[in-house]
Amino acid sequence: MALITGRYQYRLEAGLDEPIGFNDLGLPPNLPTMPQQLQRKGYETILIGKWHLGSPPKYGPLKSGYDRFFGIYGGGTSYFHHDEKIEGVPEEVSRLIDQDEIVSVDGYVTEIFGDKAVEEIDNAPANKPFFMSLHFTAPHWPWIGPNDRDKRVSNMLNLDGGSIETYGEMVRSMDDQVGRVLDALERKGIADNTIVVFTSDNGGERFSDVWPLVGAKTELLEGGIRVPFVMRWPGKIPAGSVSEQTAMSMDFLPTFVAAAGGSPNRGFAPDGVNLLPVLEGKAPAFSRQLFWRYKALQQVAFRDGDWKYLQINGREYLFNLADDQRERANLISHEPGRLNEMKEQFAKWNADMLPYTVISSSYNNKSNGGWVDRY
């Protein structure tokens with residue numbers, strides 16, 4: 001939700017579900033989303049893979065700025081058996097969709113998405129730029145590797161399955177598809193004039209290694225919210241450079257729109273910022289304030305430069321991430337003034353966001369991998 005709107009997800013009702021479940025919530029159509037704003041700059045817009053922002057007939061990528069869509073409406077699907085009906089999951093949520101029709105395609109879904117991405121690049125018109133969102137479901141439950149065609153799971157969360165070895169196979173398969181996409185850009189002759197971003201939607205889960213961080217997906221510890229971010233733009237971003245700039249997914253909208261020669265919609269101003277001056281080496285990294293909420297375990301977090309205020313189930317923490325990225329040294333007794341100031345700033349920001357409702361669902365890894373409706 002933050003990625004596609006460039007704004008904190010808590011500004012929209014559907015952003016209060018963590019994540020959107022099988023309900024009537026979704027991204028309202030016709031908002032000035034990232035693909036919609038790039039459409040206005042003459043870009044073809046394509047989504048391949050995971051949508052997870054609401055299901056038809058009210059919601060969908062074709063209603064929110066994408067010209068073409070091949071993927072799934074929901075959060076995940078069986079890697080091989082994506083034609084099967086999954087108990088408790090609406091058919092249109094987990095099945096493969098081409099534009100707005102359910103289709104049957106044989107194969108491992110990570111490789112299928114890679115095939116479609118390469119096909120789009122190969123067929124892209126020479127006289128028109130394109131914007132592609134390639135959202136792999138890997139590595140994600142159910143834990144099925146590319147050589148596990150005959151493996152069946154008891155449920156989509158696959159709480160009784162998976163292994164470190166399977167996880168590694170899933171990551172390698174995704175990495176192979178990323179390589180195929182980069183090769184396709186080279187083959188098309190557009191690699192030097194194409195921005196490529198590799199990142200994730202949340203921190204590690206189940207079998208992942210987030211050392212030296214602690215925490216995981218569904219937690220506001222650094223291991224749950226800090227993710228890889230690799231960006232390539234030959235001739236613009238120095239090869240091999242490393243930036244200390246703090247960034248969020250909502251920064252991509254103003255960054256990409258700026259790269260396309262435009263400015264974000266004034267009536268729907270982003271909370272994110274244009275990262276290009278820093279990434280191109282034309283401006284120094286700057287300190288900023290970033291905020292998070294998560295309903296499960298009543299979590300809040302506020303990053304102000306190197307300082308981080310964290311609250312979990314009413315317990316408060318204050319960390320200096322420059323000295324303690326593992327979040328072990330709680331400095332609330334050493335910095336009472338800073339603690340109170342950061343709490344006040346968080347409360348002010350929070351007052352501008354929509355409040356959670358009683359029915360806002362929140363997924364919690366520590367609750368048997370299930371949905372938590374109330375906290």
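Is D100 buried or exposed, and what is its relative accessible area?

Reply: D100 is exposed, and its relative accessible area is 52%. Exposed stands for over 50% relative accessible area, buried for under 20%, and partly exposed for what lies in between (1.4 Å probe, protein chains only). The areas are computed by the Shrake-Rupley method with that 1.4 Å probe, and for residues only the protein chains shown count as cover.

This is a predicted model, where local features need pLDDT of at least 70 and side-chain atom pairs count only at pLDDT 80 or more, while totals for chains, interfaces and linings use all residues. Residues are numbered from 1 along each chain as its sequence is written, and side-chain values use heavy atoms, leaving out hydrogens and water.

D100 sits in the loop between β3 (97-98) and β4 (101-102). Helices (H or I, at least four residues) and strands (E, at least two) are DSSP runs, numbered from the N terminus. D100 also belongs to a negative surface patch, together with D98, E101 and E119. Patch members have over 30% relative accessible area and no salt bridge; like charges are joined within 9 Å. Asp and Glu count as negative. The charge is placed at CG of Asp or CD of Glu.

Now the paired charges. A salt bridge needs a side-chain nitrogen of Lys or Arg within 4 Å of a carboxyl oxygen of Asp or Glu. By that rule the model has 18 salt bridges.

One of them joins E44 and K128, at 3.1 Å from N to O. The two are 84 residues apart: E44 lies in strand β1 (residues 44-50), K128 in the loop between α4 (109-123) and β5 (130-135). E44 has a relative accessible area of 17%, so it counts as buried. K128, at 34%, is partly exposed. Both belong to a network of salt bridges that also takes in R68 and E120.

Another salt bridge pairs K217 with E205 at 3.4 Å, N to O. Both residues lie in the loop between β6 (196-199) and α6 (222-225), 12 residues apart. K217 and E205 are both buried.

R226 and E222 make a further salt bridge, with their closest N and O atoms 2.7 Å apart. R226 is partly exposed at 35%. E222 has a relative accessibility of 3%, so it is buried.

Terms used. Patches are made of residues with over 30% relative accessible area and no salt bridge: like charges are joined within 9 Å, nonpolar side chains (Val, Leu, Ile, Met, Phe, Trp, Tyr) within 5 Å.
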